[in-house]
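Hi,

Here is the structure I promised to pass on.

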Amino acid sequence: MTIRLEKRETPLIGGWTVIVFSVAAVLVGMAVGGLLFLPFDASPLDGYAALIGKAFFNLRGFGFTLVAATPLMLVSFGTIVAWRCGFIFLGFEGCLLIGAMGGTMIGLQALDGGTLAGLPPALVTSLALAWGGVLGAFWAAIVGELKVRYGGNEVLIALMMNFLAIYLVQYLVVGPWRVVGDMPQTDRLPRDLWLPYIVDGTRLHAGILVALAAGIFVHILMTKTRAGYEMISSGLNPRSARYGGIDVAQRQRQAALIAGGMAGLAGAITIFGVHHRLLDGLSDGTGFLGIVTALLGRLTAPGAVVASVLYGGLSVGGDAMQRQSGLPSSIVVIVQATIVLLLLASEVLRTHRLVFGNPAATET
Amino acid sequence: MESLLEISFITTWLAASLRLTGPLLLAAIGELYSERAGVLNVGIEGTILFGALASYLIAIWTGNPWAGVAAAAIIGVAVNAFLAWMYVVIKASQVVVGIIFNVLAMGAASYAFRTLMGDIPRIETAPMLPEISVPGLSRIPLIGPSFFEQSIMFYLTLAIAVGSGILLYRTRFGLNLRAVGENPKAAAAAGVNVVRMRVLGVLAFGLGGGLAGAYFVLVQIGLFRDTIVQGRGFIALGIVILARWNPYLAILAAFGFAAMDALPLSLQLLDLGIPSQLLVALPYLLTVLAVSGVFGRSRNPASLMVPYHADR
């Protein structure tokens with residue numbers, strides 16, 4: 001008895017396949033995770049119910065979910081533009097930090113005695129988010145330029161650039177920007193610069209609105225404009241795109257700028273909406289998880305929004321579960337990763353079917 | 001007085017660098033096999049973490065560090081059998097599988113550690129691997145104690161690196177592995193089983209990554225924490241690039257990264273006023289330049305990250 005893969009004559013396509021596979025992956029992932037509750041004498045059903053209730057059916061909890069989803073969404077939008085254009089960018093983590101740095105740079109200038117002191121706070125905050133986006137775009141543009149002009153490998157370059165960003169921020173918070181005190185961090189930004197909380201009783205800040213606006217921009221760009229069409233063509237087949245008169249290099253440069261800008265914006269928003277200061281240890285993998293949520297959303301902006309909210313919600317629910325019932329939040333991390341791996345693996349079933357039994361026997 | 005300080009600086013720096021070199025080199029050599037076969041294995045962090053956890057638990061339970069080393073090797077290969085299946089058979093995106101595998105490993109290691117060790121784990125030090133001092137040589141002044149009084153794993157690691165160089169450049173297996181990473185179509189036409197070679201490359205990585213995890217625990221720290229790897233796996237990716245996918249150069253590159261990593265600590269002896277982050281970042285900067293293509297081509301294997309379809 002063997003199990004092997006046999007190629008389907010026609011690949012499965014269409015919305016139903018996606019839905020069936022997704023639901024199956026979620027169910028199997030949660031079943032696997034359910035087993036992990038058992039050593040703690042906890043009921044998986046109660047655990048999941050509490051987790052989901054906390055993250056999605058509780059105002060304060062849902063606020064945290066959307067706060068967690070905000071940077072994931074922005075990184076996802078950047079991923080959509082870059083990856084569709086054939087620019088396999090993994091440098092979002094670095095761009096995020098550089099954006100956080102850029103935003104803080106402006107924010108600190110608005111303190112008493114700074115060059116921006118006295119400007120209206122809303123203007124300073126807007127300027128800070130924009131500058132975070134610009135620096136993030138610049139950081140990604142370095143990678144884009146090295147790929148387009150010199151043929152460097154963007155995956156490897158971006159992974160290394162992430163470390164440069166981590167050490168740059170670390171240098172700033174233990175060195176020149178450090179505030180007097182024990183922790184390596186900058187001064188706290190004045191309260192009137194913070195992104196305002198938009199729903200009473202929650203920590204949901206206005207960054208979500210910026211993210212959604214960015215999502216609409218990316219959606220229109222990729223589905224309705226010539227630039228988006230040319231980017232997608234460049235990604236699908238650069239050679240035939242060039243034959244068709246598309247300047248692939250130029251489109252990839254632009255994609256790098258947009259991708260980095262989105263992540264930079266995410267970094268600045270995280271500073272002005274959540275931490276309110278630049279600190280060491282800001283790099284927590286969001287720049288990588290945003291890529292995952294983009295792929296879960298099939299590289300479409302609406303899909304990425306849904307995937308980011310679900311992913312962020314599970315993380316928030318997991319933390320709440322750990323705080324309240326002492327169950328390790330790592331269970332949720334395992335469930336999330338298992339679902340994603342199952343979804344990736346299920347791709348093969350669109351083009352192949354599983355055949356059980358002896359190959360010789362099936363041929364006769 | 002001045003010179004005495006400088007001498008003690010050099011010896012502590014050398015010793016610290018060599019201690020840090022070992023696990024980085026092991027992980028890099030493993031990654032080198034995988035990349036030479038055409039698979040960029042971003043799952044490096046997760047593999048090291050699994051190796052570290054397995055070596056810690058087994059070494060404590062059996063009281064024998066070598067059992068821990070064996071466990072790390074086995075778990076490294078086992079989890080990479082799964083990764084190889086995803087990369088080579090399913091042909092899923094290598095970077096995405098690697099990223100999410102690292103997330104899974106973080107979750108699984110932290111879960112397993114907590115479940116097996118209880119809520120407040122007793123801080124129990126694992127039995128460490130023995131050190132070897134090479135007779136005679138270890139008494140060379142200045143560099144002797146650093147170079148010739150290292151853990152037995154250090155010498156094994158060097159042997160693995162040199163052996164890998166011979167395997168890659170002097171054997172048919174090595175030729176086939178490199179061919180599969182450069183031009184799998186041509187390799188297949190010449191009768192090489194592309195899928196099998198790529199799977200073997202990933203499994204070899206599992207061995208190196210798992211052992212690197214054991215190295216962290218059984219030579220360096222003696223403890224397990226789920227933050228034990230924290231980016232060091234990605235350093236190995238940098239080492240592979242800087243070494244131009246060559247195991248011999250990887251020894252130098254690993255030492256270079258380790259030396260820069262160790263410098264800030266040792267520099268506290270001398271106060272030079274250079275920000276330590278600048279020094280630590282230096283090898284990454286060199287790596288970016290090395291792979292940028294600006295200064296000639298440090299070319300990666302041509303089919304790196306390109307899945308192989310036999311029928312296309």
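Before anything else, pLDDT is the predictor's confidence in each residue, from 0 to 100. This is a predicted model, and local features need pLDDT of at least 70, side-chain atom pairs count only at pLDDT 80 or more, while totals for chains, interfaces and linings use all residues. Residues are numbered from 1 along each chain as its sequence is written, and chains are lettered from A and ligands numbered from 1 in the order in which they are written.

On confidence, the model scores ipTM 0.87 and pTM 0.89. Chain B has a mean pLDDT of 86, with 88% of its residues at 70 or more. Within chain B, helix H3 (residues 65-89) has the highest confidence, at 95, and helix H5 (residues 144-148) the lowest, at a mean of 67. Helices here are DSSP runs (H or I, at least four residues), numbered from the N terminus. Where pLDDT is low, the predicted coordinates should not be read in detail.

Now the contact between the chains. It takes 37 residues from chain B and 38 residues from chain A, where two residues are in contact if their C-beta atoms, placed from the backbone, lie within 7 Å. On the chain B side, H4(B) gives the most, with 14 residues; helix H10 (232-242) and helix H12 (276-292) of chain B are also among the elements that give two or more. By class, that side has 27 nonpolar, 9 polar and 1 charged residues. Nonpolar means Ala, Val, Leu, Ile, Met, Phe, Trp, Tyr, Cys and Pro, charged means Asp, Glu, Lys and Arg, and the others, Gly among them, count as polar.

Chain A is assigned domain 1 (1-42 + 328-364) and domain 2 (61-326), with bounds from an automatic or database domain assignment. Their centres, taken over C-alpha atoms, are 32 Å apart. The contact between them involves 9 residues of domain 1 of chain A and 11 of domain 2 of chain A. On the domain 1 side, 7 are nonpolar, 2 polar and none charged.

Helix H12 (residues 301-325) of chain A has 25 residues and spans 36 Å from first C-alpha to last, close to the 36 Å expected (1.5 Å times one less than its number of residues). Just after H12(A), A:Gly326 takes a positive phi of about 75°.

Finally, leaving aside neighbours within four places in sequence, A:Val81 is in contact with A:Val218, A:Met222, A:Met231, A:Ala255, A:Ile258 and A:Ala259.

Cheers
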